[in-house]
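Good morning, and thank you for coming.

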Amino acid sequence: MPGTSVMWFRRDLRLADNPALLEAGQSGEVVPLFVLDPVLWGRAGPARRAYLAASLRELDASLGGALVVRRGDPVHVVPEVAAEVSAPTVHLAADFGPYGRVRDARVGEALAASGRELSPLGSPYAVAPGRVRKPDGEPFRVYSPFQRVWLEHGWRAPVDPPSDPTWASLRSDGPPDVEPVPGLELPPVGEQAARAAWADFRDHRLEGYREGRNLPASNGASQMSTYLRWGEIHPRTLLADLAQRDSASATTYRKELAWREFYADVLWHRPESARVELRSDFEAMVHDPPGETFEAWKRGMTGYPIVDAGMRQMLATGRMHNRVRMIVASFLVKDLHVAWQHGARVFMERLADGDLASNMHGWQWVAGSGTDPAPYFRVFNPTTQGHKFDPDGAYIRRWVPELADVPTEQIHEPRGVEGYPEPIVDHAAERKEALARYERVTARRR
Ligand SMILES: Cc1cc2nc3c(=O)[nH]c(=O)nc-3n(C[C@H](O)[C@H](O)[C@H](O)COP(=O)(O)OP(=O)(O)OC[C@H]3O[C@@H](n4cnc5c(N)ncnc54)[C@H](O)[C@@H]3O)c2cc1C
């Protein structure tokens, strides 16, 4: 098949604004390939799997059924597919995560062994990790200056989808079949859904974002993270629209996207920070092993309604509101004294938008061990957080049905409700304990 190339889709499940796909199309026929890697599939929980399977079906439909899905180790599968169609080049958007970087280097070597090449173009970010630097060339360790230089750096305009693509026809194993997950509610999936969701937010809710984004019961946040995670839409598309608006909410939204870029940059420079504390002095923090209280946290049965609502929202939908992510993470680390890595693993398994960089550094931020950390001594009080951000308890009632009929005055501190537990720990006591443990870490520093 002369003039055939391979486009290896990974976390860029879209046709529009996909420079690598455009480049692939320039040499003629394209094999659109997705490799279902058992390592990554094995780590994903039911929501992630269901989402990915649905997104692959959407991508396949937009390719007129031409998507080639193969199962196996990409190091073998990608060169095999390239050899099947005698493609000299495999096009792809670069992956900047620790696993993806190593995998891509190995795939590149395997291709080179048969005289083929891997041709990365673009990334899941507006600015590729590693590009934004301090004047002395060092990476940023703090978000605000990163954000300013990132904005000055700028990014290219989005590109169109291929205008007249020809997809090669090749055997496909098809998108994976996923057992239906009882009770799991996924949002609409795929590139068209992502673009529609963005247009709806941009046109109807963006201007209220600055105020609305902190209220989990409201529809104030954009819910774009899962689409961004799977590359069903590229952040450049969002940023191009934001550039047309001169409002406080548009600025705030752009700054939120910059957090995603910042964390990817930090992880790129410090890949080990997906596992260990970025601030090494925090390695001295004494944690409790995950036990019964950890299991209660996972099930959403802590007796703290806002925590339980968040954990149950994640179980039911593969999503959780940002404010509530911070509250449940703080509860695990500072009320239950369990190391952030345990909670982060649960999030990665359950979240449809589970993204190593945003997740691990979101957890490290809460734990105080990350870049630009929240001061450790600022311990979230789950009850007052509930009062502040879910004042009438609508979010709690939505996700904790046992509390649906509890009067608003008691919704954040319900007692004696049938089927709902009493608080598993005393927040005031655990707060003191967390601060004492922190004090021991800082004492070692002095
Ligand atoms: C403990 C913890 C774990 C997290 N894990 C993830 C994760 O696995 N995947 C993920 O995408 N986000 C994660 N976040 C960040 C944030 O909670 C989600 O991006 C956000 O809730 C997604 O909802 P949204 O799209 O409605 O957000 P919006 O408020 O509408 O924000 C718009 C976009 O900005 C980006 N963004 C916003 N806040 C953050 C942030 N703090 N860090 C990085 N990007 C941000 C996201 O891409 C988001 O879609 C985590 C946060 C915490 C505190």
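I begin with the second largest cavity, which is lined by Glu277, Phe282, Met285, His287, Val333, Trp340, Ala367, Ser369 and Tyr376. A cavity here is a set of points, on a 1 Å grid over the protein atoms alone, where a 1.4 Å probe fits but cannot get out, and lining residues have an atom within 4 Å of a point. By class, this lining has six nonpolar, two polar and one charged residues; Ala, Val, Leu, Ile, Met, Phe, Trp, Tyr, Cys and Pro count as nonpolar, Asp, Glu, Lys and Arg as charged, and the others, Gly among them, as polar. The second largest cavity holds about 40 Å³ of space, a volume being the space filled by probe spheres set on grid points that are joined across faces, edges and corners.

Before going on, a word on the source: this is a predicted model, in which local features need pLDDT of at least 70 and side-chain atom pairs count only at pLDDT 80 or more, while totals for chains, interfaces and linings use all residues. Residues are numbered from 1 along each chain as its sequence is written, and side-chain values use heavy atoms, with hydrogens and water left out.

How many cavities of 30 Å³ or more does the structure hold? There are two. The largest has a volume of about 90 Å³, and of its 14 lining residues, Arg11, Asp12, Ala93, Ser123 and Pro124 are the closest to its centre. Where does the largest cavity lie? Domain 1 (4–123) and domain 2 (124–158 + 191–269) both contribute to its lining, so it lies between them; the domain bounds come from an automatic or database domain assignment.

Next, the second largest pocket, a pocket being an open set of points with protein on both sides within 12 Å along at least five of seven lines. Its volume is about 1,000 Å³. Among its 43 lining residues, Leu40, Arg43, Arg48, Arg229 and Met348 lie nearest the centre. Helix 15 (340–350) gives the largest share of this lining, six residues. Helices (H or I, at least four residues) and strands (E, at least two) are DSSP runs, numbered from the N terminus. The lining divides into 26 nonpolar, four polar and 13 charged residues.

Finally, the ligand. Its shell has 27 residues, the closest being Tyr209, Ser222, Gln223, Asn322 and Asp353; a residue belongs if one of its heavy atoms lies within 4 Å of the ligand. Six of them come from helix 11, the largest share. Domain 2 and domain 3 (280–445) each supply at least three residues of the shell.

Which polar contacts, meaning pairs of N or O atoms within 3.5 Å, does the ligand make? A side-chain N or O atom of Tyr209 is 2.6 Å from a ligand oxygen. Backbone N or O atoms also take part, with Met224 at 2.9 Å from a ligand oxygen and Ser225 at 3.0 Å. Taken alone, the ligand exposes 820 Å², of which the protein buries 95%, by the Shrake-Rupley method with a 1.4 Å probe.

Key. Polar contact = N/O pair within 3.5 Å; in protein donor to acceptor, adjacent residues only side chain to side chain.
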